[in-house]
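Work through the exercises below with the model open. Try each task before reading its solution.

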Amino acid sequence: MACTFNGGVVIGSDGRVSTGTYISNRSSNKIAPLSDNVYLLRSGSAADTQAVSDYVSHMVEQLKAERGENPNVEVVANLVRQLNYQNKDLLLGAMIVAGYDARRGGQIYGCPIGGTISREDWTVDGSGSTYIWGFCDEVFKPDFTRAEAEQFVLEALGLAMSTDASSGGCVRMYTLTESGSEYRYVAGDQVPLYQGSSTNDLGEPLPVFG
């Protein structure tokens, strides 16, 4: 997921990768750098979204060599959109492009399956997103401070990981500002999981596994 704040963008993802009901990786990195100032958040088919990130990273390096500077966030997001649209019958993945540039500051673009692109103040995707749309819509504020935005992202991920069987493991977060990117890793046992959000027929909380 990603959200904007006064001065930049905060992005974050969980680390769980599943194959059906089998958890194949609990510490996967679902955030791929496309350039120094732009990142891709991946959900859906890991192979498909990794291929997209590799191709777009290559295109960005070509643009950087031609222009002598990093392309802005909107340009990179449209490269992702174009690749998605041209291969819409083959790819199975929903992606978010987020970054910071001097022209427009912090920006977030949703790039779902099919080749659509939409600029948003905040957005979520992946299997766990279904469970936190209401929370995000209620809590997000356009004038978030950096600390509030970082806490918002961490809490939203914790809620998704508490409820969705395909979300879990660790949390990786980046804060993107004029000064660059700052990385934060939250181990699975440090993620604020909300055990009371899932209960059995007796109203008792179900166990949560990281």
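## Exercise 1: the largest pocket

E6 contributes the most residues to the lining of the largest pocket, namely 4. The model is a predicted one.

Task: find the volume of the largest pocket and the residues closest to its centre.

Solution. Start with volume: about 540 Å³. Next, take the 30 lining residues; the closest to the centre are Asp14, Lys30, Arg42, Ser43 and Gly126. Then list the elements that give two or more residues to the lining: strand E2 (8-14), strand E3 (17-19), E6, H1, E7 and helix H4 (146-163).

## Exercise 2: helix H2

Task: check the span of H2 (residues 73-86), then locate its buried residues.

Solution. At 1.5 Å a residue, the 14 residues should span 20 Å. The end C-alpha atoms of H2 are 20 Å apart, so the two values agree. Buried in H2 are Val73, Val76, Ala77, Leu79, Val80, Leu83 and Asn84. They cover an arc of only 150° around the axis, and therefore lie on the same side of H2. Their packing partners are strand E6 (38-44), helix H1 (46-67), strand E7 (93-101) and strand E8 (105-111). Last, the N-terminal end: asparagine 72 caps H2, with a side-chain oxygen 3.2 Å from the backbone nitrogen of glutamate 74.

## Exercise 3: cysteine 170

Task: is cysteine 170 buried or exposed?

Solution. First place cysteine 170: the loop between H4 and strand E11 (171-177). Its relative accessible area is 2%. Buried means under 20%, so cysteine 170 is buried. Beyond its neighbours within four places in sequence, its contacts include Ser13, Asp14, Arg26, Met161 and Tyr185.

How values were computed
Residues are numbered from 1 along each chain as its sequence is written. This is a predicted model: local features need pLDDT of at least 70, side-chain atom pairs count only at pLDDT 80 or more; totals for chains, interfaces and linings use all residues. Side-chain values use heavy atoms; hydrogens and water are left out. The expected span of a helix is 1.5 Å times one less than its number of residues. Buried means under 20% relative accessible area, exposed over 50%, partly exposed in between (1.4 Å probe, protein chains only). The arc is that of the directions from the helix axis to the C-beta atoms. Contact means heavy atoms within 4.5 Å. A polar contact is a pair of N or O atoms within 3.5 Å; within protein, one must be able to donate a hydrogen and the other to accept it, and residues adjacent in sequence count only if both atoms are side-chain atoms. On a 1 Å grid over the protein atoms alone, a cavity is a set of points where a 1.4 Å probe fits but cannot get out, and a pocket is an open set with protein on both sides within 12 Å along at least five of seven lines; lining residues have an atom within 4 Å of a point. Grid points are joined across faces, edges and corners, and a volume is the space filled by probe spheres set on the points.
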